[in-house]
Amino acid sequence: MTLHRCRSCGAPVGAPFLDLGETPLADALVDPARAGGEDRFPLAVAFCGDCSLVQITEDVSPERLFVDNYLYFSSFSPALLEHARAHAERLVEERGLDERSLVVEVASNDGYLLRNFVEQGIPVLGIDPAPGQAAAAEAAGIPTRREFFGPELARELRRTRAADVIVANNVMAHTPDLNDFVEGIALLLADDGVATIENAYVRDLVERCEFDTIYHEHFCYFSCTAVDRLMRRHGLHLADVERLPIHGGSLRFHATKRGAPRERVEELLREEEAAGVASPGFYEAFGERVARLRRDLVALLRELRGGGARIAAYGAAAKGSTLLNYAGIDTELVDYVVDRNVHKHGLLMPGVGIPISPPERLLEDRPDYVLLLAWNFKDEILEQQSDYRAAGGRFVVPVPAPEIV
Ligand code: DWN
């Protein structure tokens, strides 16, 4: 289905400002026995001139994206675990949470965040349709509803009790039914509660050329301007907003049912207006910058390979799938990808057929260069791979521009 109307406000949406071609599903890693012929879907993003929402133009069913063989487990990223722990501790303190409270997380994955509340005796409920992740969460003592979140589930849960805190990290962008999602938040949230909603920031995506964070799981790419309008439509109020470095730059919105001082929200809205984030011109040249990054990266890798270098990659990430497929980087340039997520080992990156191994292979095999597909965890991974680097190994960081470190 090709998008014609904005997912948020329903206004007609114009032509895409960036088209990444037909790509396979980013997290649908491939069993070597069934290699080749992965389904591909158009991947392009357009801007809504009425509410400023940036969004992909083709829908892939959430069941296909997040239930059938979804392999993303949050707990394989130590930096993400620390980010989640700090967030949980702040909520406990600021909201005075205790054994009488209820914290609900939408897209609770393997319990990476809710475990922090359980450890303090605070009642929680996870919601996640991905079976493997939900099973891992339940094994960690986190009750989990294995379904997609929406108004119907929200009404059912509210009949038992409202949520004092709803956490929704990297999920509001992952639903084609954006208004249903926000309506569900409004229905489940207690009158004096807060929903903290975290997503990649479209302004950082464009300014840092983070085009590879565009894939079919991400239906929307949010600015404060677009989310402010979306929340108001459902009687929610942005009481605060934080700019965070995680995932290449994110916004954490604090939504409540009651008006509250919102100085940082007003400030960011003014900043976005001044930067043009709410105007089409901000996005127009992005396609050319992405094409230039592709040219420069492929030329660099070809030059290294042509000089006899052996090249591997680090991070069987969804963003890695977008980058490899858009740039046409396959086993001709990159021999294998390493990743800590054991569920990914032995599989192939979709569309390009590059095999996935444990990170230990880097020290065993000593490739000359490693293309850092999980560049959003650069500091942590470079530190973790200090032995490989001390032995002369070099990393190629592709975003915001190709660089050897
Ligand atoms: O929206 C989403 C973002 C938040 O996470 C999900 N739909 C899918 C996923 O996207 P991603 O796969 O690009 O996310 P990550 O977390 O950037 O992927 C990092 C990959 O690198 C993971 O497969 C884990 C791996 N990793 C590793 O092997 N060693 C990560 C770290 C930090 C490491 O030290």
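In the predicted model described here, Lys 319 lies over the face of Trp 375, at 5.7 Å from the ring centre.

Contacts between aromatic rings were examined next. The structure holds nine aromatic pairs. One of these joins Tyr 70 and Tyr 72, whose ring centres are 6.5 Å apart; the planes meet at 50°, so the pair is classed as tilted. Tyr 70 is buried, its relative accessible area being 14%, whereas Tyr 72 is partly exposed at 25% relative accessibility. An aromatic pair is also formed by Phe 73 and Phe 76, and its geometry is edge-to-face, with 6.4 Å from centre to centre and 80° between the planes. Of these two phenylalanines, Phe 73 is buried, with 9% relative accessible area, and Phe 76 is partly exposed, with 27%. Elsewhere, Phe 17, Phe 47, Phe 282 and Tyr 283 make up one aromatic cluster.

The cysteines were then considered. A disulfide is a covalent bond between the sulfur atoms of two cysteines. A search of the whole structure finds zero disulfides. For Cys 6, the closest cysteine sulfur belongs to Cys 51 and is 3.5 Å away, which is too far for a bond because the cut-off requires the two sulfur atoms to be within 2.5 Å. For Cys 220, the closest cysteine sulfur is that of Cys 6, and the separation of 7.5 Å is likewise too far for a bond. Cys 6 is buried, with a relative accessible area of 5%, and Cys 220 is buried as well, with a value of 2%.

Strand β2 comprises residues 40–47, and six of its eight residues are buried, so the strand is largely enclosed by the rest of the structure. Phe 47, a member of the aromatic cluster described above, falls within the residue range of this strand. Strand β2 pairs with strand β1 (residues 18–24) in the antiparallel sense, over five bridges. Within this pairing, Leu 18 has Val 45 of β2 as its bridge partner. Strand β2 also runs antiparallel to strand β3 (residues 54–56), to which three bridges join it. Here Ala 46 stands opposite Gln 55 in β3. The hairpin of β2 and β3 has six residues between the strands, and in this hairpin Ser 52 takes a positive phi near 75°. In a regular strand the side chains alternate between the two faces of the sheet.

Ser 250 is found in strand β11, which covers residues 250–256. With a relative accessible area of 1%, Ser 250 is buried. A polar atom of the Ser 250 side chain lies 2.8 Å from the backbone oxygen of Ile 246. When residues up to four places away in sequence are not counted, Ser 250 touches Asn 199, Ala 200, Tyr 201, Asp 204, Glu 242, Arg 243 and Leu 244.

Glu 266 lies in helix α9, which covers residues 263–275. Glu 266 counts as partly exposed, at 32% relative accessibility. Along the chain, Glu 266 and Thr 225 are 41 residues apart, and their C-alpha atoms are separated by 9.7 Å.

Key. Residues are numbered from 1 along each chain as its sequence is written. This is a predicted model: local features need pLDDT of at least 70, side-chain atom pairs count only at pLDDT 80 or more; totals for chains, interfaces and linings use all residues. Side-chain values use heavy atoms; hydrogens and water are left out. Buried means under 20% relative accessible area, exposed over 50%, partly exposed in between (1.4 Å probe, protein chains only). Helices (H or I, at least four residues) and strands (E, at least two) are DSSP runs, numbered from the N terminus. Rings of Phe, Tyr and Trp (its six-membered ring) pair if their centres lie within 6.5 Å; planes under 30 degrees apart count as stacked, over 60 as edge-to-face and the rest as tilted. A charge sits over a ring if NZ of Lys or CZ of Arg is within 6 Å of the ring centre and within 35 degrees of the ring normal. Two strands pair if DSSP finds at least two bridges between them. A polar contact is a pair of N or O atoms within 3.5 Å; within protein, one must be able to donate a hydrogen and the other to accept it, and residues adjacent in sequence count only if both atoms are side-chain atoms. Contact means heavy atoms within 4.5 Å.
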